[in-house]
Each structure stands twice: as structure tokens, then as C-alpha cells.
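Reader: I would like a close look at a single part of this model. Please keep it brisk.

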There are 2 protein chains.
Amino acid sequence: MARALSHINGNSLFRLPCRPNPNRQLPLQFPCRVFKVTMSCNQSYWSSINSDIETHLKRAIPIREPLTVFEPMNGLTFAAPRSTAPALCVAACELVGGNRDVALPAASALWLMYSASFTHEHLPLAQSCRPRSDAGHLYGPNMELLIGDAMIPFGFELLAKSDDPARNVSSRILRVMVEISRAVGSQGMIHGQYHEVERYQSDNTKSCHVKKIEKYEGTLHGCAAACGAILGGGSEEEIEKMRRYGLYIGKIQGMVTGVGRNDKELNILVEEMRILAAKELMGFNEAKVLAISNYFEPNFMCAQV
Amino acid sequence: MARALSHINGNSLFRLPCRPNPNRQLPLQFPCRVFKVTMSCNQSYWSSINSDIETHLKRAIPIREPLTVFEPMNGLTFAAPRSTAPALCVAACELVGGNRDVALPAASALWLMYSASFTHEHLPLAQSCRPRSDAGHLYGPNMELLIGDAMIPFGFELLAKSDDPARNVSSRILRVMVEISRAVGSQGMIHGQYHEVERYQSDNTKSCHVKKIEKYEGTLHGCAAACGAILGGGSEEEIEKMRRYGLYIGKIQGMVTGVGRNDKELNILVEEMRILAAKELMGFNEAKVLAISNYFEPNFMCAQV
């Protein structure tokens with residue numbers, strides 16, 4: 001654990017640029033030997049998680065009848081930018097000792113919810129106070145509204161169908177459904193998006209943006225990590241540690257990629273949250289902590305080889 | 001059973017005008033004594049079901065924090081026109097011998113899904129091929145898009161939270177979630193709405209409208225009745241009978257209220273479906289069949305007293 005924590009506190013572990021800079025210098029204090037071993041390990045670890053989620057989702061949304069609905073659902077699901085929340089769900093499941101397979105339906109559901117949210121966020125609404133999105137529309141506004149509406153229940157369907165009476169996990173799946181419902185609904189992402197709307201009607205855009213990040217990226221990642229821990233059979237303490245860890249990670253990610261990227265005050269807050277997030281990983285298996293800790297920088301680390 | 005079925009085949013049982021005509025003449029063959037008894041019974045039966053669903057839903061969506069989200073969610077949930085599917089879910093549960101309480105969360109979820117669909121259907125989308133809706137917008141397009149998105153997961157949350165380990169019904173609830181996901185998603189209502197969009201781009205508006213009715217009203221009511229039967233502990237045969245009954249009822253309702261109201265060809269189809277629907281009720285408890293059979297005409301029947 002000591003090695004894991006020195007790693008956590010001393011290097012890129014919680015530095016989360018969404019757009020990695022390959023020219024960035026490696027911190028001097030970085031323990032290079034450990035880094036090289038960890039890098040290749042983590043690279044394949046996160047690649048394999050993302051690959052497994054994508055495979056699971058592609059199998060779940062084949063281009064089948066009705067083609068008029070499934071073709072755009074497939075297209076829009078994979079057209080949205082990747083959120084890191086689904087992979088965090090799987091990693092949290094493995095961190096508490098669970099099998100990856102049990103978290104893949106929840107990770108896929110989170111992917112679908114995020115894609116639905118992204119699709120609807122870019123709809124060209126008449127009489128809207130938001131600036132009109134420049135994003136291209138693959139299928140026209142009517143279809144994109146409908147398909148976003150279809151993605152949400154489809155995510156719940158994947159989760160509900162993953163029930164296996166032989167494994168006696170129904171109550172865990174139902175608990176995860178409540179978690180995801182709240183996180184993507186009125187108490188999470190929707191509340192966050194409300195603050196985003198408010199941002200365009202307010203003079204205090206920074207305050208609205210920070211509130212949005214907390215409710216949107218924060219709640220989504222907190223939920224993802226908690227769901228992974230629930231499905232992996234974690235204790236209540238582990239579930240709550242994972243929830244807090246995901247909340248910090250989501251908030252950090254929102255801040256370093258949004259309006260706060262060059263904001264000194266927010267950068268201090270980000271550094272504080274990195275330390276708090278690291279503390280939530282204490283007590284877990286050291287090797288798995290190393291694996292989860294480089295979550296957001298596989299490209300950056302790869303570029304240093 | 002004989003009395004119940006003569007009642008089914010010979011009177012207003014499957015005549016489903018959405019806007020009842022109080023001046024309409026009672027069919028001559030109507031068994032008046034039975035009718036009067038049934039009427040008051042049914043009137044209170046359906047009123048009590050609708051009242052119980054509304055009470056359940058009002059308790060589930062109190063106007064609480066965040067007010068900016070829950071106040072419009074409450075408003076839009078009750079602003080949408082009433083669908084008959086939620087009450088059919090409860091009635092089907094009781095028809096197979098289940099307790100009303102176990103179906104109320106599913107009925108509330110169906111209500112929320114229908115309200116979300118109605119809210120999004122009336123969004124003023126720019127670049128839309130649909131005619132712009134004249135419906136008033138209570139909260140502005142941004143909020144109505146967001147709240148519709150919040151209603152769908154909230155419906156699933158109500159269902160998932162209704163799990164009670166002491167009653168050992170988790171697998172039934174998960175099955176109902178799969179049913180509702182499919183019915184409100186890509187294989188049901190969304191597919192139906194696609195046909196509605198297609199209607200405005202096609203010369204064959206009648207064909208598109210009939211396809212829309214089958215997928216939207218038909219699937220929604222079929223799902224509602226099947227879910228009620230699942231939650232009420234019905235056999236597989238009863239569940240499938242209820243699904244077919246609901247499918248006919250939904251399609252009839254869509255046809256007599258939509259473009260087909262004055263269409264001779266569709267009216268013949270409606271009559272055929274009334275007979276088919278009646279057959280699906282054979283074999284159930286006679287008194288309950290009488291109760292369910294006057295489902296859609298409480299106002300009409302009330303006006304005949």
C-alpha cells in the first residue's frame with residue numbers, strides 16, 4: 001500500500017487532462033521503473049475494459065429490425081464522445097473483487113445514458129436560450145429526439161436483462177437501477193443540465209458551470225463507481241468510498257476540461273480534490289489501486305515511452 | 001361466464017370513444033338490470049384505480065428540492081392528457097388475482113413514460129418536418145426537453161424502489177422493467193412515433209397512422225396489461241392473454257380517436273378487434289371481467305342513468 005500511495009500522491013495519477021498533451025514533461029519525482037511497468041499494465045488494463053464495454057454494447061445494439069430505429073440508435077450511441085464513467089464502473093467492480101462481466105451491462109447502460117444526454121443537448125430547439133449547436137446532425141432533429149428517448153429505456157433493458165436467477169443478484173441489479181435513475185435524472189445530470197441552461201441566462205457563468213460539473217460529471221462518475229462496487233459485491237463502506245472517489249474524479253474531469261482549465265482558483269480546488277480522491281483508494285488491493293490510478297492518462301503515458 | 005360474455009359481445013364493452021357522447025343511444029339489446037348494477041360498480045372501480053394511481057404518483061413527485069427540476073416535473077406529469085394504459089395495468093393485476101398495491105409503481109411508471117413522450121412530442125424543434133405544435137409550453141423548450149428526459153429514469157426508479165425482499169418479487173419487477181423498456185423504446189412507442197414522423201413525409205398518411213397506432217397505443221396497452229398480470233402473479237397463459245387484450249384495446253382506442261374515426265374500413269377493423277379482445281377475457285373471473293369490460297366508458301355509462 002505504501003508504494004501505491006506514494007505513486008498516488010506523487011505523479012500523474014489524478015491529473016486528468018481530457019486532451020492529453022504528448023509534449024508534456026514527465027514530473028521529475030516520477031518513479032520511472034514503477035511507471036514503465038505500470039504504464040504497459042495500465043494501458044492494456046484500460047484498453048481491455050473499454051474494448052469489452054464496446055463489444056458488449058455492439059452486440060446489444062445490432063443493426064436489426066426496425067432498421068429505421070436501430071440504425072440511428074447504433075450510429076448515435078457511438079457518435080457521442082466517450083465518457084470515462086462506464087470504464088470506471090467496471091474498474092470499481094474489479095477493485096472490490098468482482099468479475100468484470102457483471103459490470104458490463106451497467107457500464108453499457110451508463111454509456112447509453114451519456115450518449116442520449118449528448119444527443120439531446122445538441123438538438124436544435126426553437127425558442128431556446130442556449131446558443132445553437134454547431135454539431136452536425138446525422139439523422140435530423142426529429143429522429144435524434146426520438147432516438148435519445150429510446151436510448152434511456154434501452155439502457156435499463158440491458159441492465160434488467162442481465163439478471164440471472166442462478167447468481168441471485170436481482171436485488172443488486174435493482175439497487176443499481178435506482179442509482180442510475182437518480183444519477184441520470186432529476187437529482188443528477190438533469191439538475192446539472194439545468195445549471196448549464198441557467199448559465200446562458202446568468203451573469204455568474206462560473207458559478208453555474210461549477211454547479212453543473214458537480215451535478216453532471218460528478219454525479220455520473222460517483223454513480224458509475226458506486227454501481228461497479230455494488231455489482232462486484234463490495235461492502236457498504238467500499239461502495240461509499242467508490243462513490244466519493246468517482247465524485248471527485250468526475251468533478252476534476254469537468255473542471256480541467258471546461259471553463260476552469262485556466263482558472264487559478266479552480267486549479268487549486270482540483271489539486272485538493274486529487275488528494276481527497278487518492279485517500280478514498282486507501283485500503284484497497286495495492287495492484288488494483290495502481291491499475292485504477294492511471295485511469296485518465298493512458299495516451300499521455302503511452303507518449304512518454 | 002356466460003353472462004359475462006353476452007355482456008362483452010352485446011354492449012358497449014369494447015366501444016371506446018375517447019370523448020364520450022352523452023347523447024348516444026344505449027344499444028337496444030343492452031341488459032339493463034345488469035347494466036345499472038355494473039355501471040355504479042364499474043364507475044367506482046375505475047375511479048378508485050385512477051385515484052390510487054394519482055395518489056401514488058403525487059406522493060412520488062412531491063414538489064421538493066431541487067425545486068427547479070421537481071416543480072416542472074410535477075407540472076408536466078399532470079399536464080399531459082391521461083392515457084388509459086396505467087389503469088389497465090392495475091386492472092389486469094387484479095384480474096389475475098393480484099393485489100392492487102403491487103401494480104401501482106408500474107402504473108405510475110407508465111404514466112410518467114406517456115407524459116414524457118407527450119412532452120417531447122410537442123417540443124418546438126427547429127428544422128423539423130412535423131407541423132409546429134400549437135400546444136402551450138409551460139416551462140420553455142429547454143426545460144421541457146430536460147424534464148421529459150428526467151421522467152423516463154424516474155419511472156424506472158419508482159419501479160426499482162418497489163422491490164421488497166420480504167415478498168420475493170425482484171424477478172417479477174425486473175421482468176416488468178424489460179417489458180416497459182421495450183414498449184416505450186425502440187420496439188414500441190419510439191417506433192410508433194417514427195411512423196408519425198414518416199406520416200408528414202409520405203403520401204400514404206393513413207397507412208403510416210395505422211402503423212403508428214399499432215406500435216404506440218397498441219404496444220403501450222399490451223405492455224400495461226401484461227405487466228399487471230406479471231405483477232399479479234398470473235400464469236404465462238394469462239400474461240399473454242392480457243398482452244393481446246391490451247394490444248387490441250390500444251389499437252381500438254387509437255383508431256376511434258384518430259384519423260380513423262370516420263373511416264369505414266377502419267371501423268370494420270375496430271369491430272373485429274372488439275370481438276377478438278372479448279375472447280381474450282374468457283376464462284377469467286366473471287365479476288372481474290364485468291369490471292374490466294366497461295373500462296373506457298364510465299362517462300358514457302354515467303350519462304345513461
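Is Leu220(A) buried or exposed, and what is its relative accessible area? Please go on from there to the surrounding helices.

Author: This is a predicted model. Leu220(A) is buried. Its relative accessible area is 2%, and the cut-off for buried is under 20%. So Leu220(A) falls in the buried class.

Where does the residue sit? Leu220(A) belongs to helix H9 of chain A, which covers residues 205-231. Set aside its neighbours within four places in sequence, and Leu220(A) is in contact with Ser83(A), Ala85(A), Leu110(A), Tyr114(A) and Met189(A).

Helix H6 of chain A spans residues 141-161, and helix H7 of chain A spans residues 170-184. Their axes come within 10 Å and cross at roughly 165°. Angles over 145 degrees count as roughly antiparallel, so H6(A) is roughly antiparallel to H7(A). The crossing of H6(A) past H7(A) is right-handed.

Now the residues of that contact. By type, the contact of H6(A) with H7(A) has seven nonpolar residues, one polar and no charged.

Next, the loop between H6 and H7 of chain A. Asn168(A) lies there. Its phi is positive, about 55°, although Asn168(A) is not a glycine. Most residues other than glycine have a negative phi. Asn168(A) is exposed, with a relative accessible area of 67%; the exposed class begins over 50%.

Chain B has its own Asn168(B), in the loop between helix H6 (141-161) and helix H7 (170-184) of chain B. Phi of Asn168(B) is near 55°, again a positive value in a residue other than glycine. Asn168(B) counts as exposed, at 67% relative accessibility.

One more helix of chain A is worth a look. Helix H12 covers residues 286-293 of chain A. Its buried residues include Val289(A), Leu290(A), Ala291(A), Ile292(A) and Ser293(A). At the start of H12(A), a side-chain oxygen of Asn285(A) comes to within 3.0 Å of the backbone nitrogen of Ala287(A).

Note on methods. Residues numbered from 1 in each chain as written. Chains lettered and ligands numbered in written order. Predicted model: local features only at pLDDT ≥ 70, side-chain atom pairs only at ≥ 80, totals over all residues. Heavy atoms only, no water. Axes fitted to C-alpha atoms, helices over the stretch in contact; angles between N-to-C directions. Helix = DSSP H or I, 4+ residues; strand = E, 2+ residues; numbered from the N terminus. Parallel < 35°, antiparallel > 145°, perpendicular 65-115°, else oblique. Left-handed = near helix turned anticlockwise from the far one by under 90°. Nonpolar A, V, L, I, M, F, W, Y, C, P; charged D, E, K, R; others polar. Buried < 20%, exposed > 50% of the residue type's maximum accessible area, 1.4 Å probe, protein only. Polar contact = N/O pair within 3.5 Å; in protein donor to acceptor, adjacent residues only side chain to side chain. Contact = heavy atoms within 4.5 Å.
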